[in-house]
Amino acid sequence: MHGNEVLGRELLLQLSEFLCEEFRNRNQRIVRLVEGTRIHILPSMNPDGYEVAAAAQDRDISGYLVGRNNANGVDLNRNFPDLNTYIYYNEKNGGPNHHLPLPDNWKNQVEPETQAVIQWIRSFNFVLSANLHGGAVVANYPYDKSLEHRVRGFRRTANTPTPDDTLFQKLAKVYSYAHGWMHQGWNCGDYFPDGITNGASWYSLSKGMQDFNYLHTNCFEITLELSCDKFPRQEELQREWLGNREALIQFLEQVHQGIKGMVRDENYNNLVDAVISVSGINHDVTSGDHGDYFRLLLPGTYTVTATAPKFDPETVSVTVGPGEPKLVNFQLKRSTSPAAPKRRGPNSGHRGRVLPKKVQPRAARKKEMMMKQSQRVPA
């Protein structure tokens with residue numbers, strides 16, 4: 001998404017070719033991955049910035065930020081709606097912990113590239129993703145925006161974990177330790193233990209794509225900083241590919257952990273937007289357009305509840321192992337008791353701002369009846 005940070009673009013093009021070639025060669029690991037996973041790959045979110053950066057390289061023009069922004073001069077990783085403010089308020093005062101609504105005028109506040117990506121990620125029931133950058137070598141996980149108050153115009157850095165912090169650390173370590181050298185910690189003059197970091201403890205970032213995914217969709221995203229040199233030379237690409245190849249494949253495979261299943265009613269009709277809650281983790285996910293859901297979880301025993309309007313909730317105890325995800329289907333019975341009044345969240349009058357009162361419906365998705373786990377890996 002930063003046009004001058006080009007290694008991720010090249011790695012994803014190479015990954016696409018690698019997956020196709022190894023599938024054709026019947027590499028069983030890749031065959032299982034491709035046949036069992038819906039993989040989306042976006043090599044570049046900012047082609048205009050890339051063209052500017054590439055032209056500067058051709059003219060031997062140096063500049064750390066040349067080509068970073070889009071054609072309108074906007075940093076796309078500071079351009080997503082800021083939902084962190086809402087979630088921090090909700091955590092303190094009560095309110096939704098997932099699928100936070102967008103402002104009514106959000107389309108007027110973002111760039112065309114950002115709007116296109118938001119509509120894309122709302123169109124599929126994505127589960128796991130990575131956002132590829134350059135300028136450091138570290139696996140960064142949310143939150144990116146610090147909870148600490150501003151000091152002299154800047155928000156202080158401070159570890160700001162999500163409710164899924166342990167899971168996010170594990171996802172980051174999977175990439176770091178499968179990478180050729182990221183796990184060593186010392187890279188580019190920086191030191192990150194295990195080659196990972198909480199984003200806000202490194203530096204606080206508002207309106208980033210990583211936090212937006214977690215707070216507005218079912219998708220768990222981390223940010224991968226992959227090279228000290230933002231625009232490495234052509235002769236360095238082979239080494240970088242070999243250093244990242246196994247890490248990319250292992251990260252894709254991480255989508256197959258936790259629990260998954262269907263949410264239906266007594267007549268086996270699929271229930272859309274049913275809420276899947278895990279006791280002790282204050283972050284829910286929802287079922288997709290076909291009633292299918294996926295919830296990433298570490299090995300352990302969990303109490304899981306499915307709820308839907310006008311239906312009685314169903315709660316089960318589930319033990320998750322280290323291998324394939326546990327299949328947990330829910331069949332909800334229509335409620336015969338009066339519906340309880342909805343609890344109001346912080347949707348009005350906060351310091352003069354008016355917040356939207358309910359979650360907007362997600363964009364219509366393609367009708368795919370095959371229940372596959374979703375995976376995207378945008379650059």
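Predicted model: local features only at pLDDT ≥ 70, side-chain atom pairs only at ≥ 80, totals over all residues.
Me: Which residue in β14 is the bridge partner of S277?
Reply: Strand β11 covers residues 275-278 and strand β14 covers residues 300-307. The two pair in the antiparallel sense over four bridges. In β14, the bridge partner of S277 is T305.

Me: Where does K310 lie, and is K310 buried or exposed?
Reply: K310 has a phi near 70°, a positive value in a residue other than glycine. Most residues other than glycine have a negative phi. K310 lies in the loop between β14 and β15. With a relative accessible area of 65%, above the cut-off of 50%, K310 is exposed.

Me: What is the omega of the cis peptide bond that joins P142 and Y143?
Reply: Most peptide bonds are trans. The bond joining P142 and Y143 is cis, and Y143 lies in the loop between β3 (136-141) and β4 (150-151). Its omega is about 5°.

Me: How are α1 and α2 oriented to each other?
Reply: Helix α1 (residues 7-24) and helix α2 (residues 28-36) pack with their axes 8 Å apart. Their angle is about 115°, and angles of 65 to 115 degrees count as roughly perpendicular. The crossing is left-handed. The two helices are therefore roughly perpendicular to each other.

Me: By class, which residues make up the contact of α1 with α2?
Reply: From α1, the residues F18, L19, E22 and F23 take part. They meet I30, V31, L33, V34 and E35 in α2. By class, this contact has seven nonpolar, no polar and two charged residues.

Me: What is the handedness of the crossing where α1 passes α9?
Reply: Helix α9 spans residues 237-253, and its axis comes within 10 Å of that of α1. The two axes cross at roughly 65°. The crossing of α1 past α9 is right-handed.

Me: How do the residues of the contact of α1 with α9 divide by class?
Reply: In α1, the residues L7, E10, L11, Q14, L15, F18 and L19 are involved. Their counterparts in α9 are L237, E240, W241, N244, R245, L248 and I249. By class, the residues of this contact divide into nine nonpolar, two polar and three charged.

Me: In the contacts of the chain with a separation of 6 or more, what percentage comes from residues 24 or more positions apart?
Reply: The secondary structure of the chain comes to nine helices and 18 strands. Of its 379 residues, 52% are buried. Among contacts with a separation of 6 or more, the share from residues 24 or more positions apart is 75%.

Note on methods. Residues numbered from 1 in each chain as written. Heavy atoms only, no water. Axes fitted to C-alpha atoms, helices over the stretch in contact; angles between N-to-C directions. Parallel < 35°, antiparallel > 145°, perpendicular 65-115°, else oblique. Left-handed = near helix turned anticlockwise from the far one by under 90°. Contact = heavy atoms within 4.5 Å. Nonpolar A, V, L, I, M, F, W, Y, C, P; charged D, E, K, R; others polar. Pairing = 2+ DSSP bridges. Buried < 20%, exposed > 50% of the residue type's maximum accessible area, 1.4 Å probe, protein only.
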